[in-house]
Structure formats: C-alpha cells, structure tokens
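Let's take a walk through this structure together, one piece at a time. Keep the 3D view open as you read.

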Amino acid sequence: MVDIFTLEIIKNGLIAASEEMFYAFQRTAKSPVIYEVLDYAVGITDYKGRGLVAQSPGVPGFSGVLDFTIREVLNKWKNELNPGDIIATNIPYSGGTHLNDVALVMPVFYKDELLGFIVNKGHWSEIGGMHFGSWTSDANEIFQEGLQLPSIKIYIEDRPNRDVIDIIKANSRLPEATLGDMEAQIGSMKVAKKRIDELVRKYGIEAIKEAMEKLIEDGEKLSKLRLKELPKGTFEAEDYIDDDGINDNPIYVRVKVTITDNEFIVDFTGSSNQVNGSINSPLPATVSAVREIYMAVTDPHALPNAGYFKPLKIIAPEGSIFNPKKPAATSTYWESMSYATDLVWKALAPRVPEKLSAGHFLSILATIIGGIDDRTGEPFAIVEPQPGGWGASYNSDGESALVASGDGETYIASAEVYENRMPILVDRIELNTEDGVGHGKYRGGFGIIKDYIILCKEAYFTVSIGRYKYTPWGVNGGMNGPPNYCVVYKKGEKPRIIRKAAALKLEYGDKISLHSAGGGGWGNPAERDLNLILNDIINGYISIDTAEKVYKLDKNLLKDIYKKL
Amino acid sequence: MRIGIDIGGAFTDVVVFDENSGDLLWTKVETTPDDPSVGVIKGVESLNLDLKNADLIIHGQTLAINTIIERKGAKIGLITTKGFRDILEIQRANRRDMYNFRYKKPEPFVPRYLRLEISERIKSNGEILRPINEEEVNAVVQKLLEMKVSSIAVSLINSYINPIHEKKVYELIKKIDDKVFVTLSSDITREWKEYERTNTAVLNAYIMPKIHEYLDKIEREFRNRGFKGNLFAMLSNGGTSTFEFAKKYPIYTLESGPVAGIVGAIKIGEVMGIKDIITFDGGSTTTKASLVFNSEPNITTEYYINRNRYSPGYPVKVPTVDIIETGNGGTSIAWIDETNNLNVGPKAAGSMPGPAAYGRGGKDPTLTDAYIICGLLNPEELLGGKIKVNRKLAEEAISKIANYYIIPIEEAAYGIIKIANYNASNVIRLISVQRGYDPRDFTLFAYGGSGPMFAPFVAKELEIRKIVIPYIPAGVFSAWGMLATDIRHDLVMSFPIRIDKEDSIKIINDKFYELENRVKSTLASEGFNEIIIVRYAEMRYYGQEHTVKVPIMGGVIRDVEIEEIKRRFNEIHKAIYSFTLDSPIEIVNFHVSGIAKLNKLPIIKINKENRQIDKAFKGIRKTYLGKYDEWPVYDKELLPLNYEIQGPAIIEDDTSTAIILNDQKGVLDEYGNLIITW
C-alpha cells in the first residue's frame with residue numbers, strides 16, 4: 001500500500017510517459033499528416049486492456065479509438081503475447097477509423113507479469129488502395145481502400161517480422177515515408193516503455209497498478225461531478241449530410257441526447273443506414289466523436305481516460321451510417337463522424353451556451369495534392385485538412401480560421417515550407433470575406449481562401465467537402481454560415497465548383513481555390529452593437545452594403561467610422 | 001568597476017563588482033514601471049558609486065517583454081505580400097485547447113485595417129516572380145502614416161531566402177518619412193515560416209519606440225553622472241550587445257533577466273572546472289531550468305511568449321536560451337482538487353499576501369509553510385530577520401490539508417513537499433531527458449530563494465550526484481550573471497539542403513562563411529575584432545519536419561567532415577528518440593554564434609578566518625520527512641572552508657536556506673559555494 005501522495009506522483013508519471021511518447025512521435029515522423037496535422041493518438045492502458053489510464057490525442061477525434069484497439073488485440077492474441085511483441089492493426093469496424101490509421105500496440109511486462117499496453121495509432125500517408133494517399137471519396141468497399149492489418153505481429157519478441165514489413169512496403173506508394181513513420185511510432189513507444197520501466201523499478205508493480213486504478217476512479221468521479229452541472233432532460237437534433245460521394249442524395253442523421261444525474265446517453269437511432277460511398281463512420285470513430293463533445297460540454301480540461309467516459313452511453317444501430325458493417329467503405333469516415341459530434345452540439349448549444357458556440361464549418365475540406373516533383377524526380381504529397389470559421393456564442397463573435405472540431409493541436413502548413421518542398425505556389429491564404437459568415441447579434445468567424453497553383457507537369461487532386469448544401473447552423477435567430485467549396489481553374493476550361501474529386505488530373509499553371517465556410521451567427525442581427533458593426537466595416541470584415549442590408553445600419557452613422565481611426 | 005542592472009517586474013537589482021578592491025556590492029529597489037530609469041538611478045545612487053570610475057554597465061530588463069504582455073506598445077502598421085495580410089490572424093489555425101469549443105486564439109498585434117498588401121512576390125528559390133511596384137509601396141506607406149502609425153513592420157513571403165524586396169521597401173519608407181521606425185522581418189531572422197517570422201517582426205516594431213526611448217534616456221542619465229565607459233544590453237541568447245543594436249532589435253532582449261543567471265552558473269562552473277550543468281532557478285512563484293553542455297547554453301529559436309498548455313502564445317524566432325518554466329515555487333499554494341488529490345501550484349501566494357506564516361494575511365497553505373512545519377525552514381525568522389515567521393499561522397494553513405485527509409499535520413506538510421519536489425524534478429526531466437541528455441552526467445546548480453531547498457530532493461530523484469549552490473546572494477544572482485557575460489550574436493538561416501548531394505559541400509561551406517561574415521561585421525561595427533565563432537546545424541532525416549541541433553566543426557568542410565557530421569547527427573537522434581534511420585540527412589538551418597570576450601570577471605576567495613564548526617552550529621531542530629528526526633542547523637557565514645558536513649543538516653544565511661539530506665554531504669569551498677554530493 002502506497003500513500004496517497006506517492007500515488008499522485010506515479011499517476012503523473014504515467015501521464016508524463018504518454019506525453020513524452022506523443023512528443024517523440026511528432027518530432028520524428030516523416031509525414032506532415034503526423035507532424036503538422038497531429039493525426040494520431042497515444043496512450044497507456046491497464047493489463048486488462050479494460051480502459052485507458054492515460055492518453056494524449058493530437059486531435060480530439062481520436063479520443064475514443066484506442067481502447068477499441070486494445071480490446072481487438074486481446075481478443076485475437078489472448079495469452080500469446082510476449083515481451084518485445086508489437087502488433088499492428090487498422091480494421092475500421094472493430095478497432096478504428098479508416099485503413100490509413102494504423103495502431104501499434106506494445107504489451108508491457110514486468111518479469112513475466114503483464115502490466116499494461118502502450119498504444120500509438122497514427123495516420124500513415126500511404127497504405128495502398130485505388131488512389132494515391134489511400135483514402136478517397138469514390139470507394140464503395142473496403143478492399144479499394146488499402147491494405148488490411150487485422151492485429152498482425154510486426155515485431156515478435158524484439159525481432160522485426162520481415163515478411164510482414166515487406167508486405168507493407170510493397171503495398172505503399174510512399175514506402176520511405178510509411179516505414180519511416182512506423183519506425184518513429186515504435187521509437188516513441190520505446191520512450192514511454194523506458195519511463196514506465198523506471199516507475200516500476202522505483203515504486204514496484206503493485207503501486208503502479210494501484211495508480212492506474214486510481215486514475216480511472218478519479219476520472220469517473222470528476223465526470224459525475226460535471227454531469228451534475230448540466231441541464232437534465234432529453235434533447236434532440238437532426239441534420240443532413242450533403243451526399244455520400246457516389247450519388248447526390250442527402251443523408252438524414254439524427255440524435256437524441258438524454259442527460260440524467262449519472263448518465264449521458266447519446267442515441268443515433270433513426271439515422272440513415274450505411275451508405276454506398278466511403279463516408280461511413282465506424283463505431284470507434286462515432287464513439288470518439290461523442291467523447292469529444294462530451295469533454296466540451298462537461299470539462300474541456302479533464303483527463304480523457306476510461307473512467308471519465310464511464311457515464312457516457314452511445315447507441316448506434318449496427319448497419320447504420322454511425323456503425324457500418326464490413327465491407328462498407330470508410331476512408332472518408334470523418335464526413336459522418338463529425339456529424340456525430342455536431343448533432344450533439346446542435347442539440348445542446350442553446351442549453352449550454354457558456355460551453356458551446358453556434359455551428360462551425362465542420363467539413364475539414366480534406367485535400368490531397370500529389371505527383372512527381374520535376375525539380376527532383378521524387379514523389380510529393382500534400383495531405384491536409386483546412387481551417388474554417390467557428391460559430392458565434394451568446395456573448396462574442398466566432399473565431400476565424402480554426403481547424404474543425406475533430407482536429408485539435410493541428411497546424412496548417414507554412415506557405416514558405418510548402419513552396420520549398422513541393423512544386424506549388426501558394427498564391428494567397430486569407431480570411432474568406434468573399435463568402436462571409438452567419439450574421440447575428442454576434443456573427444460567426446471567417447473561413448479562409450487558399451489558392452494553390454501547380455508548378456509541375458502533372459499532379460493529382462483528391463478532395464472531400466461537406467456542408468455545401470447544408471451550411472453551418474445559427475442559434476437563436478442567428479443566420480447560417482455560407483457553404484464550403486472549391487473552385488478548380490484548368491487551362492482552357494471554365495472554372496468549376498467542386499465538392500468531391502478523386503485523383504483529378506491537374507497540369508502546370510492550374511489553380512485550386514479552396515473556400516471554407518464562416519461560422520453560424522447567434523441572436524438576431526438587428527440587435528448587433530453599433531460599434532461592432534463599425535469595427536467590422538473599418539477592418540473590411542463586412543461591406544457597407546451588408547451592414548445596411550443585414551444589420552440595418554443607418555448610413556448617416558458611416559461618417560463616424562473614420563473618426564474612429 | 002562593472003555594474004550589472006536587472007529590471008524585474010517587482011524589483012530592480014543592481015550589482016557592482018570593483019576589480020581593484022574585490023568588493024561586491026548589491027542592492028534591490030522597487031521597479032518604477034512608468035519610468036524604469038527612476039528605479040535604476042535610485043538603486044545605483046543608493047550604493048554611493050563614483051560612476052566616473054566605472055568602465056562597464058550591463059543592462060537587462062523586462063520592459064520589452066512586459067510591454068508585449070501588457071499590450072502597451074506603439075500603434076504599428078504591417079506591410080505584407082499580396083494575399084498574406086491575414087496570416088497574422090489566421091496564424092497556424094491550431095486549437096491548442098482542443099476540447100474547448102469556445103476557444104479563442106491569441107489576438108494579433110496589428111488590427112486588419114493596418115495590415116496592407118503590396119503585389120510583389122519572391123519565389124521559393126529566391127528569384128523574383130513579380131517585381132516591386134514603387135508607386136504602390138508609396139501609396140501603402142502614405143496610408144499607414146495617415147493613420148498615424150509610429151512604427152512599421154515589413155514581412156514579405158520568401159524574404160528569408162532573398163530579402164531584396166524588403167530592403168527596397170525600407171528605402172522607400174525612409175524616403176517618405178525618415179523618423180518612423182521600420183522593422184524588416186529578414187533583418188531579424190532568416191528562418192522560413194511566414195507566420196512566425198511576421199509575428200516576430202511585428203512584435204519588434206511594437207516595442208521599438210518604447211525601448212529606443214528608454215535606452216536613450218538611461219544612457220543620458222549615466223552620462224550626466226559622469227559615466228564614460230561602455231553600455232551593453234543583455235540579450236536572450238545569454239550574451240550582450242551595444243545599446244545601438246538593442247534599440248534596433250529590442251525583440252532580442254525579451255528573456256534578458258533569467259538568461260543572465262545561467263551565464264552566472266557557467267561562470268562559476270568554469271572556475272570549478274564543471275562544464276555540464278543543469279541550472280535550477282527556484283523562485284517564489286515559478287521554477288526555471290536550463291541545460292548547459294560543455295559550458296555552452298542551449299540556444300534555440302523555438303521561443304514563444306505566453307505559451308501554455310491551452311494557448312499557443314506568440315512565436316518569437318530569435319535566439320533564446322532554452323529555459324523551461326513551471327508554476328512551482330516557494331510560495332506555490334497547495335490545494336485539493338475535486339477528486340481529492342493534492343496539488344501544488346501553479347497558483348502562488350507571491351510576496352503579497354505571501355505564505356501564511358509571514359502573517360501578511362495569507363491563509364492558503366504554501367510550500368514555505370510546509371517547509372516550516374517540517375522544520376526545514378527557520379520557524380522564527382528568515383532572510384536574517386527581515387521576515388518574521390509565525391509557525392502557528394503555518395499550522396493553521398496546513399491543517400486544512402491535514403484535516404481533509406485525517407492525517408497528522410507534519411505528514412500533510414511532507415506530502416506537499418513531495419509533490420512540489422516531483423514537479424521540480426519534472427522540469428529537469430523535460431530540459432534533459434526529453435532533449436536527449438542523461439541528467440546523471442550533469443551538476444545541478446541551484447539558486448533563487450527556493451532553489452537550494454528543492455535541489456537535494458531533485459538530485460536524489462534523478463540520481464544527480466553533485467549540487468552547487470553558488471555563493472552569490474540568491475536574490476541578485478541574475479544581475480551578477482550579467483557581470484560575467486560576453487558580447488554575443490547568433491544568426492540562424494534556413495537553407496534546406498541534403499548533405500549527400502554532390503554540390504552540397506560547397507553550399508554548406510558558403511552558408512557558414514556567409515553567416516560568419518555577417519556575425520563578424522556586426523561585431524566589428526560594435527568595435528570588436530577578436531571573435532570566437534561557434535557553428536551549429538539543425539538537421540533531420542530527409543522527410544522529417546523537426547530537427548535536432550548538431551555542433552559543427554570550424555574551418556573547411558570536406559567529405560571527411562561530412563561523415564563526422566552524419567555520425568554526430570545519428571548519435572544525437574538516437575539519444576533523444578531511441579532510433580536512427582537509414583535515410584538521407586538534411587541540414588535545414590545554419591546557425592553561427594559570434595562571441596567577443598569581455599574582460600574576465602575575477603572570482604575572489606572568501607575570508608577563511610573566524611570560521612569554526614562549533615561557532616557555526618546554531619542548534620538542533622526537529623524535522624519530519626516521513627519520520628521524526630533532529631537535524632543540526634549551521635550558520636553558513638561561520639562555516640569553516642572545506643569542512644565536510646555529513647547530512648542531514650540545515651545551512652542558513654541572511655539570504656537563503658539550504659538543506660543537506662541524510663546520506664548527502666556538504667562542503668563550503670574556498671569561494672563560498674556550497675557543494676553537496678552523495
């Protein structure tokens with residue numbers, strides 16, 4: 001039995017181990033999707049794999065997938081795990097998201113006793129499939145989306161399993177980056193292992209187990225306290241997803257949220273069945289999406305561990321868009337997954353206004369531009385989400401140009417770095433005042449416009465854009481935001497608005513112009529404070545025309561504007 | 001005679017060393033924020049110095065960083081390349097506080113209407129895509145001047161590789177108005193990444209008028225008092241520069257206070273023959289740690305203002321000593337969270353109201369109160385009687401914790417100490433283990449009020465075998481460190497290049513010589529010609545984004561040196577990240593330091609007489625660290641030199657308290673440094 005203060009120190013040590021692993025992977029990965037986008041999550045679980053004791057997600061959209069992963073590994077390998085093993089898995093339905101996201105799992109032993117697991121799940125840039133980058137908006141079954149790794153040992157007792165690694169290598173269009181990322185992933189897990197070994201040596205295995213237990217208990221306790229502060233009752237919301245990427249029909253989704261003193265139940269029953277296209281959100285992804293909004297409405301600074309999520313119950317019928325069955329395609333899963341977050345958000349925003357804003361641009365406008373760089377003869381790939389506008393709140397305007405709810409400490413790349421490394425010119429990155437925002441007593445934040453000009457003979461462009469038909473929602477009389485879209489300018493052709501493209505061929509000088517949406521407004525625009533309107537005009541956020549039409553600004557007041565300068 | 005001046009947020013420290021007499025004088029006066037020169041002059045005058053005899057003044061200040069934090073700088077304008085004026089507002093678009101769905105990013109320092117664009121464009125290889133249109137630039141400048149900006153930042157895309165357009169804009173601005181302050185991004189840094197470089201230029205422009213005025217004024221004040229020597233400004237890279245340089249690039253001075261302490265530690269280390277140091281600056285509200293390898297501080301340009309767990313802060317791409325700070329100091333408050341766990345910090349009682357035991361109205365239990373309860377700090381008075389201690393009040397405060405857990409008060413106090421020690425160890429872990437260094441290979445230099453209290457525990461936790469507690473009074477160590485600095489400039493330039501390509505050797509040599517020539521000419525313009533050059537490269541495996549810093553040999557680089565550079569890179573990468581790759585290797589940033597040594601600061605041996613162990617012995621104090629014990633207390637001023645004190649023991653003097661744990665031993669060396677080993 002260790003004293004409560006030492007326990008506290010061990011707990012912090014476990015959290016620090018997870019954070020060090022997170023940091024090490026970011027610093028050494030080879031793909032921008034890891035080191036800039038932080039499309040990965042790491043964690044430590046107890047020996048039963050029952051729940052995470054510590055995790056460090058780079059994006060909130062990964063808050064829920066790690067425990068599914070461990071369960072999948074335990075189901076398959078049971079007692080056949082040994083020190084020095086590392087298992088790779090990426091099966092969406094049981095443990096994940098899409099095939100690009102490969103989880104590595106390392107059992108941690110002390111002598112012969114299993115203490116827990118270290119897990120690191122990251123987006124690999126290339127894992128085969130029908131198009132460059134693996135994920136695509138035109139797949140209709142999983143076999144088109146890349147290589148499947150159903151809990152495969154890639155290290156057996158500290159020795160690399162060469163055969164499997166060769167299969168991975170042979171199936172990737174970017175083997176250098178893919179294997180480099182894998183090495184970095186493993187390296188980071190070793191960093192965590194070293195730290196845990198130190199803790200075991202210093203405090204003994206029983207103390208570590210006790211600390212793990214305590215972390216989970218504390219999580220549950222705090223979660224229940226926070227739950228008490230929320231409004232009780234049943235709250236509903238519905239919406240449409242633009243389309244599934246294969247045909248143009250809108251897809252109906254809905255949620256019923258029931259909050260009691262001890263439970264937070266999220267029921268997606270009544271949402272559309274799984275669809276033909278690749279936007280299906282596997283159950284682990286749906287669970288992640290809900291955990292994310294649960295953190296937001298309860299306590300954004302709580303530790304996201306298994307205990308904290310205990311009061312959360314999620315119902316998503318099998319075969320639905322939020323819990324698809326094999327062989328559903330899932331490679332652009334985030335298009336639906338973000339709706340799982342957004343529906344709960346929409347249902348609760350008017351009830352928890354100090355924690356939630358109006359609707360945001362939601363769709364990450366995920367973009368791949370790839371090809372061969374004529375300067376070096378080597379392949380290049382840009383894989384990135386775009387930032388956009390967030391919704392207004394009951395007492396302030398929305399934030400401009402932030403990554404979407406599923407992304408977190410995700411960086412947009414620097415134009416100078418891109419121009420140096422890729423054959424492109426970044427012609428502008430500016431706030432999207434052209435399409436504007438959802439107006440209101442408080443207005444939404446602005447999206448962005450980003451123009452890329454291709455500077456190589458041939459490049460391929462894949463994009464997936466949602467919230468074009470059904471735009472970011474306003475609250476309490478606030479207006480909806482504008483749509484997300486992209487315009488492609490090809491030589492000799494008229495500019496085209498595009499929402500979904502799969503490996504569209506581009507040539508030297510062609511331009512892609514990405515427009516992300518502004519956020520929804522909050523409250524009636526007629527009630528907007530005059531100073532805020534004038535300030536928006538001075539700074540060019542809104543035009544005088546908009547001020548007159550939407551905000552009913554009296555023209556005589558305009559002369560005041562220039563006095564303010 | 002040389003004078004070190006450190007303006008902090010609360011106090012201004014003045015330290016004077018007279019080479020002729022060997023005397024060290026120091027004083028602390030309150031900072032006068034409205035006009036900091038008032039406090040400085042008051043401090044200097046209180047020491048009754050004859051400024052005519054002083055040959056050197058070295059000046060550090062927090063004025064620059066406070067102007068930014070308090071947003072009290074100038075009205076400034078920004079000129080950018082067309083299509084990029086919003087980069088200051090878009091930033092990197094990250095949501096660092098990721099579950100907070102009402103997240104706000106840091107507000108830019110230039111509002112949108114003062115961010116204007118010009119249609120020039122440089123390509124990523126430095127060629128001109130669109131030339132400058134002079135009329136357009138003139139119109140933009142006129143517009144900014146009409147809006148009454150007093151300072152203008154210019155940051156154009158790809159200026160890091162070719163600054164020609166920025167230089168042209170400078171000329172044009174100066175032609176229209178030669179009084180307005182101008183900052184070119186490429187003058188401050190030649191590193192890529194437009195948001196970071198733009199923000200750096202903007203912040204420089206923002207503080208430039210104020211710092212310029214202040215430095216002019218303080219120089220005048222000294223000259224009026226007969227000072228004829230040289231004035232130098234302390235920089236964030238641990239070196240100093242002329243006032244002229246600091247007036248143009250005040251952004252280089254942001255961390256000038258804390259950094260000076262590290263320079264002081266290096267200086268003392270040199271005398272003792274210790275080159276690998278972890279500095280541990282235990283303050284009242286925070287703890288700061290830094291790592292010194294081979295007598296060189298670790299200089300980085302990954303520096304941010306106001307960055308924390310939930311905010312990205314503002315990037316500042318200037319060479320800054322790598323310091324990690326955490327909210328864990330002597331007056332940190334202990335509190336119980338909603339899940340019944342004990343925490344220490346980051347909230348602190350500070351100097352007002354201070355720890356409960358000081359009787360100034362503080363009610364919260366602090367680390368200092370815990371030290372008092374456990375007998376580690378004097379239960380009657382501290383700082384040679386300047387602070388009266390009331391143990392009863394400490395007991396009342398700590399009893400809140402003890403009652404909550406239903407444990408004896410000493411056990412609660414010891415719990416607070418343990419958690420604070422863990423927090424402190426963690427800072428050292430971050431600055432060492434996470435950077436690829438093994439703390440066991442280093443000596444811990446502990447200073448600041450609480451540094452010597454933490455150090456013996458931290459050393460045990462991290463298996464650091466040696467602690468040095470410098471002889472300089474804890475409160476003025478940073479100001480003293482300024483006396484020991486040299487003139488130093490660091491230049492960093494992005495020029496990504498794979499070192500396995502045929503033509504790369506020539507480019508690598510060219511880049512280093514280019515930077516060296518620039519550093520030398522900067523130093524020559526300040527009047528220094530004897531210069532030490534140190535080279536580094538920030539390197540990575542081809543395809544990676546982040547880099548590790550590798551020391552590079554001087555002179556001509558040939559194939560054999562390239563092999564050695566590769567070896568060093570692989571070794572460092574392995575140490576930090578546990579693996580190497582069989583990939584090509586790339587240099588991303590070239591880094592050159594130019595150092596001109598000032599006259600060495602002599603360190604004087606202390607008086608050996610009148611020191612006896614029985615005279616130093618002050619009595620026995622009851623302590624509790626998991627079990628009750630009795631520890632001897634000694635007066636440091638009377639301890640004999642080179643006399644080995646077997647722990648446990650408490651060593652007190654008028655400025656701080658140090659402790660020696662059970663199996664540790666302490667020795668006072670001939671300079672007055674307390675050395676603890678085990």
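In β16(A), which residue is the bridge partner of A:Ala366? It's A:Ser464. Before going on, a word on what you're looking at: this is a predicted model, where local features need pLDDT of at least 70, side-chain atom pairs count only at pLDDT 80 or more, and totals for chains, interfaces and linings use all residues. Residues are numbered from 1 along each chain as its sequence is written, while chains are lettered from A and ligands numbered from 1 in the order in which they are written.

Back to that pair of residues. Strand β12 (residues 366-373) of chain A and strand β16 (residues 458-464) of chain A run antiparallel, joined by six bridges. (Strands here are DSSP runs of E with at least two residues, helices are runs of H or I with at least four, and both are numbered from the N terminus; two strands pair if DSSP finds at least two bridges between them.) Both strands sit in an open sheet of four strands, in the order β13-β12-β16-β19 (chain A), with antiparallel pairing. At the edges you'll find β13 (378-384) and β19 (500-507) of chain A, each pairing on one side only. From one strand to the next, the twist averages 15°.

Chain A also has an open sheet of five strands, ordered β14-β15-β20-β17-β18, again with antiparallel pairing. Its edge strands are β14 (424-431) and β18 (496-498) of chain A, and each of them pairs on one side only. Here the twist averages 20° from one strand to the next. Follow β14(A) to its neighbour, strand β15 (residues 448-454) of chain A: seven bridges join them, and they run antiparallel. Along the way, A:Ile429 stands opposite A:Lys450 in β15(A).

Now step back to the domains of chain A. The assignment gives domain 1 (4-218) and domain 2 (358-528), with bounds that come from an automatic or database domain assignment. Their centres, taken over C-alpha atoms, are separated by 31 Å. Even so, 17 residues of domain 1 of chain A are in contact with 21 residues of domain 2 of chain A, where contact asks for C-beta atoms, placed from the backbone, within 7 Å. On the domain 1 side, the touching residues divide into eight nonpolar, seven polar and two charged. (Ala, Val, Leu, Ile, Met, Phe, Trp, Tyr, Cys and Pro count as nonpolar, Asp, Glu, Lys and Arg as charged, and the others, Gly among them, as polar.)

For some helix packing, look at α6 (residues 175-203) and α7 (residues 205-228) of chain A. They pack at an angle of about 115°, with their axes 7 Å apart. (Axes are lines fitted to C-alpha atoms, for helices over the stretch in contact, and angles run from 0 to 180 degrees between N-to-C directions.) From α6(A), the contact is made by A:Leu199, A:Val200 and A:Tyr203, and from α7(A) by A:Ile205, A:Ala207 and A:Ile208. By class, that makes six nonpolar, no polar and no charged residues.

Finally, see how the chains meet. The contact takes 54 residues from chain B and 64 residues from chain A. On the chain B side, α3 (87-90), α7 (194-224) and α12 (409-432) each supply at least two residues, and the largest share, five residues, comes from α12(B).

Key: Contact = placed C-beta atoms within 7 Å.
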